[in-house]
Amino acid sequence: MEIIVLGSGVIGLTSAWYLSQAGHSVTVIDRQARSAEETSFANAGQVSYGYSSPWAAPGVPQKAIKWLLEKHAPLKIKPSLDPKLLNWTTQMLANCQLSRYQVNKARMLSIANHSRECLIELNKNYDIQYQGRQKGTLQVFRKQKQLQAVEKDMQLLEESGTRFELLDVAGCLKQEPGLTPVQEKLVGGLYLPDDETGDCYLFCQQLTELAKSKGVRFEFNTQVQGLLSEGNKITGVQTDKGLLKADAYVVAMGSYSPALLKPFGIDLPVYPVKGYSLTVPIRDADFAPQSTVMDETYKVALTRFDERIRVAGTAELAGFDPSIPEARKATIEMVVKDLFPQGGYFEQAEFWTGFRPMTPDGTPIIGATKLDNLYTNTGHGTLGWTMACGSASLLADIISQRPSKIKTSELNVSRYGQAVS
């Protein structure tokens, strides 16, 4: 089957790879000159299967009110009467109930654990170098109530078969010795040994070349202007370079997916949750992270590459605003200086921002739509790379009409009350 994939971030790229591996002829279209030039470019660098969790959680509405008054809050909301934001926020708040949280987190862990198996297999079969480290994630807690609150997550981790270990401060220092100078700021941590780290941009560049060698075609510097349809099928993609046709079409354009599908009555509840990162050269490796450290208080991830530290965090609801305010820089810079004050050359920090496509329930939207030959793979939020290989593998199963390792019927847009073919 001829398939066109729209988008070459980590989700679109892995979609193309697994569809090609399933025997399809694949073409990828992207407006950028290379893969992963937007949201996947400078993300947190974490592949955190065990940390897969929806932002919509019990207690978040109360916390959000408090965060409005805090300088370094993990969530920022730009006042707006945008109906898209209001509708998305309403749906997110509805998912903050404990019963919904448990369903959503279990679903996300299922995708993430499948993705772990897929990435392991990919790395076993091909030599993809992306400065990866398989040393786990350490979620650090600064407050006792955070230790108590993590108990419900530990139960879900156990049910999903995800390995974890609850650590005291000494255990945290054993995993991350660079935290020793600031140990008095910690009360404990949750260690997820199967998580890994790496540079997502490097991963995407290497997978692009590998995909090309397997016959996948890439149309870069090509602007998607819209989809054409006839009856209940898409008949082509109109671009600034002409009309491209295929048998099936996959929309993997992240936060830009909803606008493309709206003319067809497909309402994807995906909002661009803006995130920030900084990258600094390592000054002293002994006082830098060894893998990924997740600061639970500020929801900031600190990830180790070969000679760099990537720090990413903050969720800002501000639409498609590409600016990088000084206040957002200050928050992520404060966290890395607070936990690893001797770790990096902070005066050389490079800042970046991207639009993370998030659904109200945290789970991506993968699978069929109301149109017979149109599929989606989007809405991964902060867990794009974590879920990428698994999501793409599931999508290939769905399109190829073959059995999947996990349940896929609840992953498409039908869970939001919309019809699918």
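A residue is called buried in these legends when its relative accessible area is under 20% and exposed when that area is over 50%, and the model shown is a predicted one.

**View 1. Thr314, a buried residue with a positive phi.** Thr314 is found in strand E17, which covers residues 308-317. Its relative accessibility is 2%, and because this value falls under the 20% limit, Thr314 counts as buried. The phi angle of Thr314 is near 70°, which is a positive value in a residue other than glycine. Most residues other than glycine have a negative phi.

**View 2. Gln401, an exposed residue with a positive phi.** Gln401 lies in the segment after helix H11, the helix of residues 384-400. Its phi is near 55°, again a positive value in a residue that is not glycine. With a relative accessible area of 75%, Gln401 is over the 50% limit and is therefore exposed.

**View 3. Strand E15 and its two faces.** Strand E15 consists of residues 292-295, with Thr292 and Met294 pointing one way from the strand and Val293 and Asp295 pointing the other way. All four of these residues are buried.

**View 4. The partners of strand E15.** Strand E5, residues 137-141, runs parallel to E15 and is joined to E15 by 4 bridges. Within this pairing, Gln139 stands opposite Met294 of E15. Strand E16, residues 300-304, is likewise joined to E15 by 4 bridges, but these two strands run antiparallel. Leu302 in E16 is the bridge partner of Val293.

**View 5. The hairpin of E15 and E16.** The hairpin formed by E15 and E16 has 4 residues between its strands, and in this hairpin Lys299 takes a positive phi near 55°.

**View 6. The whole protein, as context for the close-ups.** The protein has 11 helices and 20 strands, and its C-alpha atoms fill a box of roughly 65 × 45 × 40 Å along the principal axes. For 421 residues a compact globule would have a radius of gyration near 22 Å, and the 21 Å of this protein agrees with that expectation. Of the 421 residues, 58% count as buried, while the accessible surface comes to about 17000 Å², with 51% of it belonging to carbon and sulfur atoms. Among contacts with a separation of 6 or more, 77% are accounted for by residues 24 or more positions apart. The side chains include 44 positive and 44 negative ones, and the centres of these two sets lie 3 Å apart.

Definitions and conventions:
Residues are numbered from 1 along each chain as its sequence is written. This is a predicted model: local features need pLDDT of at least 70, side-chain atom pairs count only at pLDDT 80 or more; totals for chains, interfaces and linings use all residues. Side-chain values use heavy atoms; hydrogens and water are left out. The radius of gyration is taken over C-alpha atoms; the globule rule is 2.2 Å times the number of residues to the power 0.38. Buried means under 20% relative accessible area, exposed over 50%, partly exposed in between (1.4 Å probe, protein chains only). Contact means heavy atoms within 4.5 Å. Accessible areas come from the Shrake-Rupley method with a 1.4 Å probe; for residues, only the protein chains shown count as cover. Lys and Arg count as positive and Asp and Glu as negative; His and the chain ends are not counted. The place of a charge is taken as NZ of Lys, CZ of Arg, CG of Asp or CD of Glu. Two strands pair if DSSP finds at least two bridges between them.
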